[in-house]
Amino acid sequence: ASIYLTTSIVTSIVGSTWTKVAGTTTSDLLLDCTAGTSNQITYTATPTTVFNCTARISYICQTNDKSLEFGFYVNSTLQSNYITKVRYDTTSIVNNDVCTVNALLSLAQNDTLEVWCQNTSGGADIDVNEMSVIIVAID
């Protein structure tokens, strides 16, 4: 299954809190999954399955010199073993940075997968302007 960002919306970060990446997503190839909510894949089959989950994210931080983290949430719980940490340290906020989050996650029926982010060096908005999420069953 896969989703990709079709409309970018600035993700407002308050303090150093995890926040769901904002924007409108469209789905593609939803085998045993649904994507009725933006930035969310719901696994609908009955056997619990391990998935290789990958998110590719292109973003701009609204303030220079910031430490950011991106990760997966499953059923509103951070998958803390699979966080990608990046440093946004450019002289111009017009430059895009790119990061990838990879995880092997076990999903049961009706589990939901989302991409979230946080600014660990204080609140600053993040504009995720491109994002794709792909999950592939491996067992």
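So, Lys 85: with 63% relative accessibility, this residue counts as exposed (over 50% relative accessible area; buried is under 20%, partly exposed is in between, with a 1.4 Å probe and protein chains only). Its salt-bridge partner is Glu 69, with the closest N and O atoms 3.8 Å apart. By salt bridge I mean a side-chain nitrogen of Lys or Arg within 4 Å of a carboxyl oxygen of Asp or Glu. Lys 85 sits in strand 9 (residues 84-88) and Glu 69 in strand 7 (residues 66-74), 16 residues apart. Strands here are DSSP E runs of at least two residues, numbered from the N terminus. Glu 69 counts as buried because its relative accessibility is 10%.

Quick caveat: this is a predicted model, where local features need pLDDT of at least 70, side-chain atom pairs count only at pLDDT 80 or more, and totals for chains, interfaces and linings use all residues. Residues are numbered from 1 along each chain as its sequence is written, and side-chain values use heavy atoms, leaving out hydrogens and water.

How many salt bridges does a search of the whole structure find? Three. Another one joins Glu 114 and Lys 20, at 3.1 Å, N to O. That pair links strand 11 (residues 112-119) to strand 2 (residues 19-20), 94 residues apart. Glu 114 is buried at 9%, while Lys 20 is partly exposed at 23%.

Then there's Glu 130 with Arg 56, at 3.9 Å. Glu 130 is in strand 12 and Arg 56 in strand 6, so this pair ties together parts 74 residues apart in sequence.

Leu 29 lies in the loop between strand 3 and strand 4.

Definitions and conventions
Helix = DSSP H or I, 4+ residues; strand = E, 2+ residues; numbered from the N terminus.
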